[in-house]
Structures are given as structure tokens and as C-alpha cells.
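Please consider the following structure. A short exchange of questions and answers accompanies the model.

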Amino acid sequence: MTGRPVSFRNRRRRGRDDGGFRFWTAIFALLVLGVVAAIGFELFRNSSLSIRKFGWSFWKTSDWDPVSGEFGALPFIWGTVYSSVFALLLATPIALGIAIFVSEISPHRFRRPLAFLTELLAAIPSIVYGLWGIFVLVPAVRKVETLISKTPLHRLPLFAGPPYGIGMLSAGLLLTVMVVPFISSVSREVLRAVPLTQREAAYALGATRWEAIKVALRYGRTGIFGAIILGFGRAFGETMAVTMVIGNNPQISASLFAPQYSMAAVIANEFSEATGDLYLHALTEIGLVLFVITLVINALSRLLIWSTGRAPKRRAETPAAAAVPEAA
Amino acid sequence: MKNPVANLLAAAAVAAAAAVPAGAQTIQLNGAGATFPAPIYTKWFSEYHKLHPNVQINYQAIGSGGGIRQITERTVDFGASDGPMTPEQIQNAPGIMHFPTVMGAVVPVYNIPGVEAELKFTGPVLADIYLGKITKWNDRAIAALNPGVKLPDTDIACVHRADGSGTTYIWADYLAKVSPEWRKRVGVNTSLKWPVGVGGKGNEGVAGQVKQQPGAIGYVELIYAIQNKIDFGLVQNMSGRFLKASLAGVTAAAAGAANAMPKDFRVSITNAPGPDSYPISSFTWLLVYQNQKDKTKGKILTDFVHWMLRDGQKYCEDLAYAPLPAQVVTLEEAALARVK
């Protein structure tokens with residue numbers, strides 16, 4: 001008799017709590033949207049002079065002359081994209097290798113220390129990476145570059161120019177070391193989240209270990225792709241470590257030996273001493289460019305994740321079976 | 001009497017009451033700007049605070065550009081800059097005055113394998129090196145200045161500051177004075193469009209790159225070179241003498257420029273006349289409004305500048321800054337009387 005109204009009242013109250021909860025979480029989620037919109041708006045507002053004066057040519061020209069007031073962002077865009085893509089090309093296989101070893105192959109007692117050590121790498125401040133870059137990496141890179149520049153390889157555009165040591169190669173390698181822990185820790189978690197049944201099914205069908213791992217990788221590819229994007233974001237926005245080794249020369253060159261520049265680095269380097277409104281607005285517009293490119297890359301990767309994420313559903317029952325023909 | 005706790009509370013209340021009026025009298029001045037003189041400014045503000053415990057001066061070393069912006073918007077009580085404000089900037093900050101505080105210098109550093117001797121440079125040679133016109137260390141122009149030094153056939157790798165910096169401003173200001181081509185092609189600013197070379201971050205970035213790279217040349221602040229025991233080259237001054245930078249040489253440059261000192265002190269003392277003047281020297285300035293809105297603060301500020309011009313200068317040598325010559329101090333005191 002009495003149970004009913006009580007439970008009814010509870011349900012009603014629960015409904016109200018749910019509503020409040022929903023309301024507040026929605027507010028917080030909108031807050032994020034609002035912050036992003038506000039950042040975009042502020043960047044736009046504070047770069048209006050430069051936008052009005054240079055228009056789209058800001059994205060396409062490579063003059064950066066604070067004395068005469070000519071500003072173009074292309075060398076910085078180039079340097080940022082080049083160094084990040086280069087770092088990602090190197091870091092992805094290494095990081096996936098680490099993740100696979102730790103989660104699938106390594107003996108149990110090594111897993112925790114290995115995972116701990118890779119995560120420790122992620123916790124090192126970037127200024128420390130930068131100092132390591134200057135004092136250890138750059139001299140080593142210079143030796144390698146000097147060796148390469150004595151071989152016929154020197155004629156390739158990729159290895160052209162004098163062996164300074166600092167330059168794109170050092171920046172790319174330093175970024176590689178910095179993003180590997182990010183990609184590998186997230187990938188490791190993704191692989192650990194792959195249900196054991198997936199691997200067991202593969203083994204049951206006679207798959208080798210490598211084939212079973214491939215099954216797990218395919219199952220977790222959305223997450224792994226997300227990990228790579230996370231690493232890309234990290235490389236893209238990295239400032240201090242990059243500026244210490246990249247050479248800070250706004251030029252567009254295919255050569256890994258060439259000193260170049262990045263968007264985040266030029267803002268950090270020149271903002272504090274920048275005088276004159278146009279100069280400040282041009283630096284802010286670099287921030288806007290960085291913001292827009294980051295948004296576009298994130299949107300594209302979402303799209304990619306979304307499209308690959310849908311694919312396994314269609315073949316939900318087949319990933320293990322797919323491995324079989326190769327095993328047979 | 002009745003209760004020790006109550007007594008304690010009463011004592012605390014009395015102490016607090018006593019502290020409040022004293023706290024209310026403490027006057028805070030805020031300043032912001034150049035990073036180069038920040039160590040000596042910090043020293044001055046703390047020494048001045050010892051003499052006047054009720055005055056607290058805060059200084060944020062956010063860079064000359066930031067200092068000029070903040071004093072223009074009047075968000076600070078005084079600004080500081082390594083370069084004088086441009087006429088356009090002064091238009092935005094009517095009534096702003098410049099007060100030289102100390103001086104610094106910039107020196108060329110290099111790393112040539114097998115060369116131990118101190119190299120001699122002239123302004124035009126330095127400009128041509130940084131313009132990319134002189135590319136080898138055994139170039140005739142360098143060899144002619146350094147007879148008896150065996151210069152190798154090594155490429156010159158120019159290193160410059162990547163971060164916007166007063167050091168770059170002084171260096172470029174000097175090169176523009178001695179090389180018409182530099183003035184036309186590159187110009188003078190805290191950041192430049194460099195014809196050649198790589199950028200290092202900060203003095204330490206430039207010095208580190210020069211140290212590691214055989215054949216490199218760079219420029220750093222004299223203070224930085226002295227404190228880190230980095231050897232540097234000699235530069236020819238206007239009288240034709242090759243001088244190794246020293247604090248005395250910098251003060252001499254300021255004295256050499258004092259005769260032609262403009263009323264607003266916005267003067268470049270690079271390539272200053274005088275046999276003992278080191279040519280790549282510069283003032284650094286405090287930026288103060290002539291009409292102080294807050295008269296109490298204004299009075300303290302002028303009092304501080306008075307103290308800095310006289311007593312404060314003795315702290316310079318310890319921190320490796322060049323003190324102001326007496327002529328400049330006299331001129332500044334006359335100008336300071338106009339601050340109201």
C-alpha cells in the first residue's frame with residue numbers, strides 16, 4: 001500500500017534531478033562552444049587591421065618584414081605543417097610499436113614499468129626538451145648532416161644546404177620524441193579495451209600472433225586514429241621546444257637541413273617586443289591562422305573517424321573471419 | 001586577566017588596528033617594460049624600498065613593446081624601453097618623457113676553428129657579413145683588418161636573435177649607421193627581415209649556437225658575455241680605434257653623445273664620437289608622463305628617479321651595467337623638474 005506513492009514520489013524527484021543534471025551538463029558543454037567562439041572572435045577582432053590590409057594574400061605571401069610592415073604567414077604555415085607531418089610520420093610507427101609491445105607481447109612484469117616510463121616522457125616540460133635539443137640532439141644531428149652532405153645524397157632537395165644542425169630535421173626529431181608518448185599511451189589503452197574475445201576468436205580460427213594483433217588493431221582503429229590526431233595537435237601547437245631548435249628563419253624550403261620557422265614560435269618570439277598596431281595585428285592573425293587550421297584538421301579527422309568508425313558495424317561479425325584467408 | 005585567550009585576542013586586535021593605518025599609507029607604483037635592465041631595476045626598487053618602507057615599486061619585465069603599450073594605455077605608472085618611442089607612438093601618448101637609466105652594449109662573438117686571436121671588425125664588415133655579402137672567414141675584407149691571423153676557408157654562419165629584442169635593435173641601429181645598404185635593405189627594429197642566418201632564442205640561444213657551430217658569428221649583450229666569460233671581438237669606433245667593449249667604453253660613448261643630447265633624450269648613441277667610445281652602445285629608458293594624474297605617485301616617482309640618477313648608479317658596476325656619465329645626469333635632473 002505505502003510502497004507505491006513513495007516510489008512514485010521518488011521517481012518524480014528523480015525526474016527533476018535528471019532535468020537539472022541535464023541542464024547543467026548542457027550549460028557546461030555550451031560553455032566550451034562559447035569559449036571556442038569567443039577565442040575565434042577575439043582573434044579576428046584583434047587582427048582586423050592586418051586582415052583588412054593583406055586579405056587572403058596573408059596566407060599566400062612569404063614576406064615577414066616588421067621594419068617595412070609587410071606581413072605574410074606562408075613560411076610559418078609551411079614550417080608548422082612540415083615539422084608536424086614529419087614528426088607524425090616517424091612517431092606513429094614507433095608509438096604503435098611501443099603500444100603493441102606493452103599491451104600484447106611484453107611479459108607481464110615489464111608492462112607497468114614500460115607504460116610508466118613512456119608516460120613519464122609525456123610529463124617532461126617542453127623547455128627541458130628544448131634544452132636537450134640544443135645541447136644533445138642538435139650537435140648529433142649536425143654530425144649526421146655533415147656526413148650526409150659529403151655523399152651524393154646532398155644533391156637531393158631534401159638534404160640541400162649547409163649542415164647547421166638546427167633546422168627542420170632537429171625540430172622534426174624533437175617533436176617525434178615529444179609526441180610518441182602521447183600516441184603510444186592512448187593507443188595502449190585502446191588496445192587494452194579491445195575485448196579479449198576478439199583475439200580469442202582469431203586464435204580459434206588459427207591466426208598467428210601477428211594476425212591476432214592485426215585484428216585487435218583493426219577493432220581499435222578509431223581510437224588509434226584519435227591518438228594520432230592527439231599527437232598531431234601536440235606537435236602542431238608546440239612552441240618552446242620547436243623555437244629552440246628550428247632555426248627561426250621564415251623561409252620555405254623542402255630541405256630538412258634548412259632553418260625554418262613555425263607559427264607558434266613566431267608569436268612567442270616577437271609578441272612581447274612588437275610595437276605598432278599593424279605588427280601586433282599581423283601576429284594575432286598568425287594565431288587566427290593557427291586556430292583555423294587546427295579547427296579544420298580536427299574537423300577532418302572527426303569526419304575520418306566517423307567514416308571509419310561506421311565501417312566495422314557493417315562487418316561487425318567479420319573482423320576475425322577476415323584474418324582467416326590470410327592465415328589459410 | 002580573566003582569560004588568557006581573551007587577552008591574546010585583544011592584543012591581536014590592537015596589533016591589527018596599528019597595522020591598518022600603516023598599510024593604508026603604503027603606496028604601490030607599477031611599471032612594466034624592457035627585460036634588459038630588469039636585474040638593475042629590481043635591485044633599485046628593493047634598495048629604494050629599504051630607504052622608504054612605505055613605497056613599493058613593482059616591475060614586470062614584459063618587453064619594451066609591452067612597456068610602451070602599457071604606458072600608452074596608462075595601465076602602469078611608468079614604462080621602460082630599450083629603444084626610444086617612435087614619433088607615432090609619442091602621438092598616442094602625449095606628454096611622455098624619456099629618462100635614460102643605464103647603458104648596455106652589444107658585442108660580436110664568433111667561433112672559428114683554429115683562431116685564438118681576438119678578431120677586429122669594422123661596422124661595414126659586420127654589416128656585409130650579416131647582409132650575406134661576405135661569406136668566408138678568409139675574405140679579404142676581414143683578413144685586411146687582422147694581419148697576422150691565419151683565417152680558414154670556412155663558411156660564415158650568421159646567428160641572430162629570433163625573439164624581438166632591444167639587443168637586435170641596437171645591433172641593427174649601428175649597422176644602419178655604418179652601412180647605407182643595411183639601412184635601405186633591412187632597417188632598424190626589434191625584429192628584422194634577416195637576409196641570411198639562423199635565429200637563436202635569447203642571448204643564451206645565440207651564444208649556444210655560436211659555441212656549437214664552427215664558423216659561426218653572433219651578437220650578444222655585453223653583460224651576458226661578461227657574466228658567462230664569453231670572449232668577443234673588437235669593433236672600430238668613429239675615431240678609427242679598435243675597442244674591446246667595456247663598461248668604461250660604454251659610458252664614454254654616452255659622454256661623447258652628451259654634447260649633442262636632444263632635450264627629450266631620445267638619442268641613439270651607436271657610433272658615438274670620442275676616442276674611447278665603444279660604438280655599439282645604447283641607453284635604456286624609463287617612460288614617464290610629464291603630467292602625473294596622481295600627484296602623490298608622481299612625487300614618489302620623481303623622487304625615485306632623483307635617487308636613481310645619483311645614489312642608484314653605484315649599483316651598476318656590480319651588475320655589469322654601464323653607469324650614466326655625469327653630464328647626462330645633470331641634463332636629466334633638469335628635465336625631471338618639469339614632471340608635475
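Reader: Is Ser57(A) buried, partly exposed or exposed?

Author: This is a predicted model, in which local features need pLDDT of at least 70, side-chain atom pairs count only at pLDDT 80 or more, and totals for chains, interfaces and linings use all residues. Residues are numbered from 1 along each chain as its sequence is written, while chains are lettered from A and ligands numbered from 1 in the order in which they are written. A residue is buried with 20 or more other C-beta atoms, placed from the backbone, within 10 Å of its own, exposed with 12 or fewer, and partly exposed in between. Because Ser57(A) has 13 C-beta neighbours inside 10 Å, Ser57(A) counts as partly exposed.

Reader: Which element of chain A gives the largest share of the side that touches chain B?

Author: Contact requires C-beta atoms, placed from the backbone, within 7 Å, and 24 residues of chain A are in contact with 29 residues of chain B. Two or more residues each come from β1 (64-65), α6 (126-148), α11 (240-245) and α12 (263-270) of chain A; helices (H or I, at least four residues) and strands (E, at least two) are DSSP runs, numbered from the N terminus. The largest share, three residues, comes from α6(A).

Reader: What distance separates the centres of domain 1 and domain 2 of chain B?

Author: The domain bounds, from an automatic or database domain assignment, are 4-103 + 282-336 for domain 1 and 106-253 for domain 2 of chain B. In contact are 15 residues of domain 1 of chain B and 12 residues of domain 2 of chain B. Taken over C-alpha atoms, the centres of these domains of chain B are separated by 33 Å.

Key. Two residues are in contact if their C-beta atoms, placed from the backbone, lie within 7 Å.
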